[in-house]
Every structure is written in C-alpha cells, then in structure tokens.
Amino acid sequence: MFSQLAALAALAGFVAAQQVGKKTTETHPKMTWQKCTAGGSCSNVNGEFIIGANWRWVHDKNGYTNCYNGNTWNTTICKDGKSCASNCAVDGASYASTYGATTSGNALRLKFVQKGDYSTNIGSRLYMMNGASKYQMYTLLGNEFTFDVDVSKLGCGLNGALYSVSMDEDGGLSKYSGNKAGAKYGTGCCDAQCPRDLKFINGEATVGDWKESTNDPNAGVGKYGSFCTEMDIWYPGEANSISTAFTPHPCTTTGQHRCEGDGCGGTYSDDRYSGTCDPDGCDFNSYRQGVRDVYGPGMTVDTTKKFTVVTKFLKGSSGQLSEIKRFYVQNGKVISNFESTIDGNPGNSLSPEFCEKQKVAFNDADIFANKGGLWDDHYANMLWLDSTFPVDADPQAPGKGRGSCETSSGVPVEIESAQANNQVVYSNFKFGPIGSTFKQP
Ligand SMILES: *[C@@H]1O[C@H](CO)[C@@H](O)[C@H](O)[C@H]1NC(C)=O
C-alpha cells in the first residue's frame with residue numbers, strides 16, 4: 001500500500017521536505033572508488049549514493065497526504081515556508097525500482113526512464129556520500145579526478161552530467177534549524193544558476209509565490225534560489241555522445257546561500273547576470289572551439305565505447321587554481337584535449353588567459369572574470385551525477401554550435417518513448433594529487 005503511494009507520489013512531482021519520513025526504508029546504492037596518493041598507489045574507498053531531496057516523496061509527517069503534488073503545494077498543510085517545513089516529511093527512496101539507479105562494484109548506472117509498477121520516473125540526481133549522512137567532499141585544487149564513462153546508450157536531448165558544487169557537507173542540517181533531514185535525505189542543493197525549482201531552501205519550504213510551470217506538470221519556480229560555486233566536470237553540450245564541456249562557474253560568495261527573485265539572476269530574472277555567481281562560466285567544449293571531428297561516434301574519442309575522463313586542477317605559484325586540464329584515455333591510448341581552432345583563442349585547457357580571450361572571441365559578456373575567474377578553491381566540493389531531461393535548460397545560454405543534435409531534439413514526450421532505454425554508466429572513480437590517478441605520457 002505505502003509503496004504504491006510512495007511511487008505515485010514520487011513520480012507525480014519532484015518533491016522535497018525537511019522532516020524525516022519513515023514510510024520507505026532507504027538503502028543507498030554502494031560503490032567503491034579509489035583514493036590515490038602522490039606516489040601513485042590507490043586504495044579502495046567504500047562510497048555510496050543518495051538521491052537529491054527534490055526527487056523524493058514529501059508528505060504530511062503524520063500520514064500519507066502529499067505536501068506537494070504535481071507542481072502544486074497543498075496550502076492546507078503548507079500555509080507558509082516555516083510551517084510547511086515542520087509539517088512535512090521527506091521520505092526514503094527505492095533506488096532501483098523507482099529511479100532506475102543501480103550500482104555494481106565500482107560502477108553506477110543511471111537509467112533515464114524507469115517504469116515502476118505504478119508509474120514512470122524520469123531522471124535523477126545522485127550525490128556521492130561519505131558514510132550515510134555526509135556528502136563526500138573533495139578539494140579540487142592541486143588534485144585530479146578520473147572516471148570512466150559509457151555514453152553509448154545516451155542520445156540527443158538527455159543530460160548525463162557530473163558536477164562538483166560547494167554544498168554544505170551535512171546538507172544544511174546544522175545551519176538551518178528547519179532542516180531535520182540533512183544530507184541523509186539529499187538536502188542542500190545549490191549551484192551557480194541558483195536553481196529556483198527547489199521545494200525547500202535553508203530549511204523552509206518555497207511555497208509562497210510559487211509559480212507552477214505552464215509546460216511541465218512536475219515543475220514550478222519559487223521566489224528563492226540556492227547559490228554556490230559549481231564546476232561542471234562532465235557536462236554534455238547538446239548531446240552526450242556528440243559534444244561535451246567542462247566549465248567552472250565562480251561566485252563572489254563562498255558556500256551555499258539563498259537568493260531571492262531578480263537577485264538570483266539566471267533564466268527567471270530580468271537580468272541574467274544579477275546574481276552572485278556566473279551562470280555562463282568559462283567552458284571548454286571542443287565542438288564550440290571549432291573542433292568538430294574529434295569527439296563523437298567513431299571519432300578520436302569514440303563515444304560508442306567506454307572511455308576515461310581525466311580532469312586536473314593545477315595549482316599556480318600564487319597558490320590559486322591556475323589551469324584546468326583535460327585528458328581522455330581510450331583503448332590504452334592517452335588523448336590530450338583538443339586544440340581550439342578559434343581565431344584569437346588558442347589553447348586546449350582553461351586558464352585565466354584562455355577564458356579572457358574566449359569571451360572576446362565569442363563576444364560574450366565576461367561575467368566569469370567579474371565573479372572571480374578561476375576561483376581560489378580553498379573550500380571543498382562534493383559531486384553529483386545527473387540523468388535528466390534538460391527541460392530546465394537555459395534558453396538564453398549562448399547555444400551557437402555546441403553540438404550537432406537537431407534543435408528540435410530533446411522533446412521530453414518523444415524521448416520518453418523513443419529513448420526509454422537510454423542510460424549512462426560511470427565507473428572506476430579515482431581521486432588524488434596531480435599525477436596520481438593516471439599515467440601521463
Ligand atoms: C491537503 O491537506 C489536507 C490536510 O492534511 C487534506 O485534508 C487534503 O485532502 C489535502 N488536499 C489534497 C488535494 O491532497
């Protein structure tokens with residue numbers, strides 16, 4: 001009975017709340033990853049994943065009534081943000097059956113469309129955990145991060161991405177008294193676009209001034225958003241198997257904080273750049289940098305087969321992040337990132353100089369430098385892995401030539417049936433000091 005309700009409710013909308021619900025027992029999918037040392041030896045770490053609070057069933061903490069259903073709040077239980085947070089509970093998740101997220105050994109598989117017994121779920125957002133109730137934090141500066149990815153079963157219009165963001169390690173549990181759930185239930189989401197579709201921010205529901213989406217029955221936009229610095233380590237341009245980008249998004253503030261209305265910037269504000277973070281970032285997307293025959297099916301990095309992605313966060317003499325370098329490894333062959341062919345914007349890595357020249361070459365506003373450029377990464381970041389439809393994709397993002405998918409691709413309803421078996425598999429995660437996770441030739 002309750003699993004039926006839970007499934008229905010979870011699928012009826014991306015829901016979240018801040019008390020702890022006990023209707024569904026939660027078992028995190030476990031995955032090993034490797035921590036490497038400067039000498040190059042790596043040892044296994046037992047990690048686990050958790051699904052973000054916005055994906056979960058939220059209900060009256062004393063019963064089964066949904067606090068949020070489809071894209072509307074129940075305003076009887078949720079009169080305002082504070083009372084809603086104290087009346088509603090976020091519940092446990094069934095990872096395989098509801099969300100299509102499974103692990104095996106050192107691999108994580110995310111399916112896009114999961115047909116449960118009672119309804120269908122689309123997409124998920126998983127966070128890497130350190131134990132059951134803390135996010136796994138990584139200090140990127142001076143370190144490198146390596147993983148294998150298989151995007152061969154991932155087509156146009158789907159987003160299989162890997163990010164790091166400076167969320168609170170405990171999901172905001174200790175900072176916000178209204179948040180009783182914490183990282184154990186996937187709370188505390190934030191990024192540089194300051195997402196405004198979150199149901200709970202800073203331990204309060206976003207019920208006041210909630211605007212239901214006119215074209216997405218499961219989404220809405222609230223008055224508040226949740227900011228923090230973001231590093232997109234693995235982000236598909238317009239298609240996972242056609243183009244890919246890595247992109248730092250700096251902020252003028254450190255850590256998670258709440259923004260309000262037009263102060264959030266981004267898609268839903270009059271001024272896209274009014275927030276404290278850079279919504280565009282400085283991206284390296286080979287396709288956009290003019291190299292269009294290197295990453296894709298049958299190309300130098302052949303996306304019909306598994307490959308390794310290496311990202312290095314180099315520390316400059318000033319002690320700050322000076323450069324972000326990318327390598328690929330496939331069939332035992334190390335492939336350096338591709339040289340940009342854009343006039344006046346050479347290079348194959350991100351550095352302050354590259355970013356400055358890119359903004360000029362593409363005639364983009366240089367918000368990146370204004371918000372701090374390659375930021376001083378003195379705080380830790382945690383990772384999340386996405387499998388979503390980019391229904392919330394920013395229509396204003398400079399989209400010129402980021403990938404070769406038809407612009408009409410990515411219509412959710414079409415994908416749901418035509419690409420129901422699409423999936424992304426991440427495996428063999430390694431993290432450690434520069435030079436420790438793979439052999440550079
Ligand atoms: C809203 O919550 C109230 C109080 O729990 C409940 O009686 C009512 O049925 C709910 N409405 C909907 C549409 O679920």
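Entry 1, a loop residue. I looked up Asp209 and found it in the loop between β17 (204–205) and β18 (211–212), where strands are DSSP runs of E with at least two residues, numbered from the N terminus. This is a predicted model, in which local features need pLDDT of at least 70, side-chain atom pairs count only at pLDDT 80 or more, and totals for chains, interfaces and linings use all residues. Residues are numbered from 1 along each chain as its sequence is written, and side-chain values use heavy atoms, with hydrogens and water left out. I noted that the phi of Asp209 is near 60°, a positive value in a residue other than glycine. Asp209 is exposed, with a relative accessible area of 52%; exposed means over 50%, with a 1.4 Å probe and protein chains only.

I then turned to Asn331, which lies in the loop between β28 (321–330) and β29 (333–336). Asn331 is not a glycine, yet its phi is positive, at about 50°, and I recorded it as exposed, with a relative accessible area of 73%.

Which residues are around the ligand? I listed Thr65, Asn74, Thr76 and Ile77, counting a residue if one of its heavy atoms lies within 4 Å of the ligand. Taken alone the ligand exposes 360 Å², and the protein buries 39% of that, with areas from the Shrake-Rupley method and a 1.4 Å probe. I also noted that a polar side-chain atom of Asn74 lies 2.4 Å from an oxygen atom of the ligand.

Conventions:
Polar contact = N/O pair within 3.5 Å; in protein donor to acceptor, adjacent residues only side chain to side chain. Helix = DSSP H or I, 4+ residues; strand = E, 2+ residues; numbered from the N terminus. Buried < 20%, exposed > 50% of the residue type's maximum accessible area, 1.4 Å probe, protein only.
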